[in-house]
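Subject: Structure for you to look at

Hi there,

Here is the structure I promised to send over. Have a look at it first, and then read on for what turned up.

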Amino acid sequence: MTLSIDPGRPNLVRSRREALALLGGGSVALGIGTAPRTARAEGEETVLTEALVLRDPDIPVAGNADGDVTIVEYFDYQCPYCRKLEPELRQVVQDDGKVRLVWKDWPILGPISVVATRMALASKYQDKYVQAHDALMGVNSKLTEPRIRELLAGAGIDLDRLDRDLVTNEKAIAAIVARNNDQATAFGFKGTPSFIVGKFRVPGILSMAEFDQVIADARKAKAAATKK
């Protein structure tokens with residue numbers, strides 16, 4: 001991603017520009033202060049409600065499903081930075097033990113990214129989204145549709161069923177991708193990977209130590225909000 005965290009700005013995620021505000025009714029605002037725009041979906045409901053951003057029921061959850069802090073990653077399977085960051089992010093989630101990890105497919109790097117996203121999301125109907133995600137994120141070579149199918153087959157995914165699910169659930173899959181795109185655009189994200197950690201907006205790459213810090217900040221913010 002072209003955006004990254006400036007090591008000279010250790011309080012970046014605490015800044016008014018980068019934090020997320022709470023609205024009435026438990027909703028999440030766009031980036032505080034200089035919010036790009038209000039995005040709308042499904043009638044008058046904003047795409048940036050806490051429910052849709054942090055707890056979209058159509059998106060599988062990794063890590064601790066009952067965790068007290070949620071990390072949402074907007075990613076593309078062809079993004080080299082996403083691939084490089086993946087093992088470190090998973091290690092942070094594993095070491096912490098109380099983090100929910102939500103992957104938001106955001107295929108912005110071309111038609112093959114869309115193909116990879118659709119196939120990964122279709123894999124969830126076999127309860128194998130995580131296996132598909134790991135297979136596609138763990139490769140260093142360029143993706144093609146034959147290569148994607150090869151990787152998914154190697155991860156134990158039934159390709160015949162996958163093809164059927166792609167057709168049967170085409171509208172549902174398209175809706176997830178559109179929702180993710182609306183959210184990322186409304187947050188003002190410019191590329192992948194981009195993150196929401198708790199109520200903090202992080203448009204760039206973090207080190208393991210920086211992830212630990214922003215998770216701790218998210219817990220403090222949650223505790224402070226609870227006391228009010």
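Does Leu48 count as buried or exposed, and at what relative accessibility? Leu48 counts as buried, at 1% relative accessibility; buried means under 20% relative accessible area, exposed over 50% and partly exposed in between, with a 1.4 Å probe and protein chains only. Leu48 is found in the loop between strand S2 (28-31) and helix H1 (50-54). Its C-alpha atom is separated by 8.4 Å from that of Phe187, and these two residues are 139 residues apart along the chain.

Before the rest, two notes on how to read this. This is a predicted model, in which local features need pLDDT of at least 70 and side-chain atom pairs count only at pLDDT 80 or more, while totals for chains, interfaces and linings use all residues. Residues are numbered from 1 along each chain as its sequence is written, and side-chain values use heavy atoms, with hydrogens and water left out.

The overall picture

The protein chain has eight helices and seven strands. Helices (H or I, at least four residues) and strands (E, at least two) are DSSP runs, numbered from the N terminus. Of the 228 residues of the chain, 48% count as buried. Among contacts (heavy atoms within 4.5 Å) between residues at least 6 apart in sequence, 70% join residues at least 24 apart.

Helix H4 and its neighbours

I would start with helix H4 (residues 129-137), where Tyr129, Ala132, His133, Ala135, Leu136 and Met137 are buried. These buried residues pack against strand S4 (69-75), helix H2 (80-96), strand S5 (99-105), helix H3 (111-123) and helix H5 (145-154).

Take H3 and H4 to begin with. Their axes come within 7 Å and cross at roughly 150°, which makes H3 roughly antiparallel to H4. Axes here are lines fitted to C-alpha atoms, for helices over the stretch in contact, and angles run from 0 to 180 degrees between N-to-C directions. Angles under 35 degrees count as roughly parallel, over 145 as roughly antiparallel, 65 to 115 as roughly perpendicular and the rest as oblique. H3 passes H4 in a right-handed crossing; a crossing is right-handed if the near helix is turned clockwise from the far one by less than a right angle, and left-handed if anticlockwise. On the H3 side the contact is made by Ala116, Ala120, Leu121 and Ser123, and on the H4 side by Tyr129, Ala132 and Leu136. By class, the residues of this contact divide into six nonpolar, one polar and no charged. Ala, Val, Leu, Ile, Met, Phe, Trp, Tyr, Cys and Pro count as nonpolar, Asp, Glu, Lys and Arg as charged, and the others, Gly among them, as polar.

H2 and H4 pack at an angle of about 130°, with their axes 10 Å apart, and that makes H2 oblique to H4. Here Cys82, Arg83, Glu86 and Arg90 in H2 meet Val130, His133, Asp134, Leu136 and Met137 in H4. The contact of H2 with H4 has four nonpolar, one polar and four charged residues.

H3 also packs with H5, at an angle of about 25° and with the axes 10 Å apart, so the two are roughly parallel to each other. The crossing of H3 past H5 is right-handed. Ile112, Val115, Ala116, Met119 and Ser123 in H3 meet Glu145, Ile148, Arg149 and Leu152 in H5, and the residues of that contact divide into six nonpolar, one polar and two charged.

Backbone and single residues

Most residues other than glycine have a negative phi, and most peptide bonds are trans. Asp127, in the loop between H3 and H4, has a positive phi of about 60° although it is not a glycine. Asp127 is exposed, with a relative accessible area of 69%. A cis peptide bond joins Thr192 and Pro193, with omega about -5°, and Pro193 lies in the loop between helix H7 (170-187) and strand S6 (194-197).

Asp165, by contrast, counts as buried at 11% relative accessibility, and its place is in helix H6 (residues 159-168). Not counting residues up to four places away in sequence, Asp165 touches Ala122, Tyr125, Gln126, Glu170 and Ile173.

Finally, the cysteines. Cys79 is buried, with a relative accessible area of 2%, and Cys82 is buried at 0%. A search of the whole structure finds zero disulfides (pairs of cysteine sulfur atoms within 2.5 Å).

Best wishes
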